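Student: Could we work through this model together, beginning with the helices and then turning to the packing between chains?

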Amino acid sequence: MKLIGSLLLISGWLIVLAALVMLQALAQRAAFIAAGFGTEILGLALLTNAYTALQRRQK
Amino acid sequence: MNPAPSGQVAPNLALILSCILLTPLASAGLALIHQGLGRSRSAAHAMLATLCTLAIAAIVFTLLGNHWAGYPNGPAHTLQIANAPWNWLGALPYSNPAQTVLPALALVLQVFTVGVAAIIPLSAGTDRWRLAPICLATAVFAACIYPLMAHWVWASGWLSQLSANFHLAPFQDFGGAAVIQVPGGLMALSVAWILGPRRGKYSDGIATAIPGHNIVQVLFGCLISLIGFIALESAASLLFGSALPEQIPALILNAVLSASAGCLAAVLTTQIRYRKPDASLSANGWIAGLVAGSAGCQWVSPPAAILIAAIAGLLTTWLVEILELRLLVDDPGGAISVHAASGLWGLLACGLFTTQPGNSHTNHILAQLVGIATLVGFLLPLIHGVNLLINRFLPYRTDRDGDWQGMDIRELGSGAYPEFVIHADEFVPR
């Protein structure tokens, strides 16, 4: 889960970069950047969840 | 951002140098806060770790990091992607990188700012992070991690060139929220994850409060930090932003208002929630206000500065509780909430509350979001990967005895307060 979370974080950033390089229209860019952000939030949630579960097991 | 041209720097040399010389007070204040919020049995270790971190960060940044951080309009490694030049990394010569006034001032300021960023994670690792891995992690941070954001934001890197290359507004961070505070806060998050909670923090499934040992020191540290943050923001704005000396009074006013609003928001929140104001959370609110206000320091109006900082104060008190109780992240100094979360909020607020001539408001907000996405999506995995790698070869966490005895006895052989501190639980059979 940690690995998937980290990969999702990086993927989200790459989506944001892709929006800069490939798109020109403001609305399209905004949508892609929002999608990138969503992916990052998902990745952060997975990473956080993995560490919380780990601490819970160790407790 | 439009960097200050060299011709603008020379007449303001005395002002910039004065600000740079006061910048270490930010480190001093944060060190007092971190030390006061930890246990007395690790107090000397916390201060020694701070000194070692500042020393290693200064040396490593001068020898390695500065060449990649660069300075505004200096030599850089550029990649041509989609017909746009992406300025990724500085390319300063290794021999005598500070030949003229601008690179020299940029180096001297960043010798201090890299230290401020590097001591932030110490707060999350209080009472259990060993000195040797602290030193190694600091060296890697100063050499490879800090220079990336420093170059991208302050030294004409790709984030500051979003306007020229991608028709967005340039990413704005005049006071170091994206360069100093958020990287330090993300490092704190990674360290807290790797170290796990202090022994005794969660007993029988319930989070136990481990109060800081010297709250007076913590609150005094807040006052010291205020001067350091004002100096840091002023120097960075004059050197890397387009600030003029006549804008510095507005910056000082905003910083004072930010600290005040952040602190008062935390006082009110804790008063309402716990029926009494909490001193340590109020101190966190003070610093959170300063951090959130640093991104837009001289460009936001005073009412906006108050609003941004008040939200940061609220956010900090709420997040400290969420991290501790729900996510089981033991962060004794609140570095994750104060530096990472408030810094990210400050960067977004800079887009919401400031305007840039020639750029639409939407463009400005998108540019800030690109910067935030870079911090969370690129820098956090990088920092965490590096920390996991170092932890594999040089374990971060002290052993079980060190946890109970305290880091002072374990690593230094003597305590910070040998004459009057007795820890009853050291003599309890385990």
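Tutor: This is a predicted model, and helix α1 of chain A covers residues 2–22.

Student: Against which elements do the buried residues of α1(A) pack?

Tutor: The buried residues of α1(A) include A:Leu8, A:Leu9, A:Trp13 and A:Val16. Within chain A they pack against α2 (26–58), and in chain B against α7 (162–166) and α14 (361–393).

Student: Which element gives the most to the side of chain A that touches chain B?

Tutor: The contact draws 23 residues from chain A and 22 residues from chain B. On the side of chain A, the elements giving two or more residues are α1 and α2. By class, that side has 12 nonpolar, 7 polar and 4 charged residues. The element that gives the most, with 14 residues, is α2(A).

Student: At what angle do helix α11 and helix α13 of chain B pack?

Tutor: In the contact between these helices, residues of α11(B) including B:Ile287 and B:Val291 meet residues of α13(B) including B:Trp345 and B:Ala349. The contact has 7 nonpolar, 8 polar and no charged residues. The crossing of α11(B) and α13(B) is right-handed. With their axes 7 Å apart, the two helices pack at an angle of about 35°.

Key. Residues are numbered from 1 along each chain as its sequence is written. Chains are lettered from A and ligands numbered from 1 in the order in which they are written. This is a predicted model: local features need pLDDT of at least 70, side-chain atom pairs count only at pLDDT 80 or more; totals for chains, interfaces and linings use all residues. Helices (H or I, at least four residues) and strands (E, at least two) are DSSP runs, numbered from the N terminus. The expected span of a helix is 1.5 Å times one less than its number of residues. A residue is buried if 20 or more other C-beta atoms lie within 10 Å of its own, exposed if 12 or fewer, and partly exposed in between; C-beta atoms are placed from the backbone. Two residues are in contact if their C-beta atoms, placed from the backbone, lie within 7 Å. Axes are lines fitted to C-alpha atoms, for helices over the stretch in contact, and angles run from 0 to 180 degrees between N-to-C directions. A crossing is left-handed if the near helix is turned anticlockwise from the far one by less than a right angle, and right-handed if clockwise. Ala, Val, Leu, Ile, Met, Phe, Trp, Tyr, Cys and Pro count as nonpolar, Asp, Glu, Lys and Arg as charged, and the others, Gly among them, as polar.
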